[in-house]
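Open the structure in your viewer and keep the selection tool at hand. This tour goes stop by stop.

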Amino acid sequence: MPARIRSLRNGIDPIDEASRNDLVAGDIVSVQSIDAATTYNWAIVFAPESLAGAPSGATFSGVSTDPSPGSFTVDNPGAYLVRLIVDQGLATEDTQYVRLRALTSGLGLTLVSAGERRDGTGV
């Protein structure tokens with residue numbers, strides 16, 4: 001069974017199986033598995049620090065082994081990396097990652113956040 005993630009921003013604007021770059025601090029992001037699986041294992045494997053260097057407080061509101069682990073609040077600009085592993089330990093095990101990014105903006109410009117880079121391919 002493939003791991004396929006749907007993300008929603010403030011309960012609307014679903015995006016399936018892709019990263020998103022439309023978040024701002026204070027947004028509530030929820031994620032859910034699109035397909036049914038035997039087991040689920042969700043994690044926020046990376047969350048950005050604040051400009052002062054304090055760690056993000058982003059954590060899921062629900063249970064990490066449910067089809068949806070609930071939601072988290074975007075507290076810092078930058079990229080949040082969410083991972084879903086389905087059917088862990090079985091022959092059908094699969095993993096998907098999505099980047100959920102709150103862009104830094106200033107002077108009307110949209111900038112990548114500290115720790116991110118953009119190369120010639122736009123990635």
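Keep in mind that the model is predicted.

**Stop 1: Arg4 and its partners**

Select Arg4 and Glu17. Their side chains meet in a salt bridge, with N to O at 3.1 Å. Glu17 sits in the loop between strand S2 (12–16) and strand S3 (20–23), while Arg4 is in the segment before strand S1 (5–9), so this pair ties together parts 13 residues apart in sequence. How accessible are the two? Glu17 is partly exposed, at 38% relative accessible area. Arg4 is partly exposed as well, at 25%.

Asp35 forms a salt bridge with Arg4, and the closest N and O atoms are 2.7 Å apart. This pair links distant parts of the chain: Asp35 lies in the loop between strand S4 (28–33) and S5, Arg4 in the segment before S1, and 31 residues separate them.

**Stop 2: a network of charges**

Move on to Arg9 and Asp13. They form a salt bridge, the closest N and O atoms being 3.2 Å apart. Asp13 is partly exposed, with 34% relative accessibility. How many salt bridges does the structure hold? The count is seven.

**Stop 3: Arg83, without a salt bridge**

Select Arg83, in strand S7 (residues 78–86). Is Arg83 buried or exposed? Arg83 is buried, yet has no salt bridge. Side chains of opposite charge can pair when their charged atoms come close. For Arg83, the nearest side chain of opposite charge is Glu93, 8.7 Å away. A salt bridge here would need a nitrogen within 4 Å of a carboxyl oxygen.

Which residues does Arg83 touch, leaving aside neighbours within four places in sequence? Show Asn41, Trp42, Ala43 and Val45, then Thr95, Gln96 and Tyr97: Arg83 is in contact with each of them.

**Stop 4: the nonpolar patch**

Val45, Phe46 and Tyr97 make a nonpolar surface patch of about 300 Å². Val45 belongs to strand S5 (residues 40–46). Val45 is partly exposed, at 39% relative accessible area; a patch residue needs over 30%. Val45 also links back to the previous stop, as one of the contacts of Arg83.

Notes:
Residues numbered from 1 in each chain as written. Predicted model: local features only at pLDDT ≥ 70, side-chain atom pairs only at ≥ 80, totals over all residues. Heavy atoms only, no water. Patch = residues over 30% accessible without salt bridge, like charges linked within 9 Å, V, L, I, M, F, W, Y side chains within 5 Å. Areas by Shrake-Rupley, 256 points an atom, 1.4 Å probe, with all protein chains shown as cover. Helix = DSSP H or I, 4+ residues; strand = E, 2+ residues; numbered from the N terminus. Buried < 20%, exposed > 50% of the residue type's maximum accessible area, 1.4 Å probe, protein only. Lys, Arg positive; Asp, Glu negative; His and termini not counted. Contact = heavy atoms within 4.5 Å.
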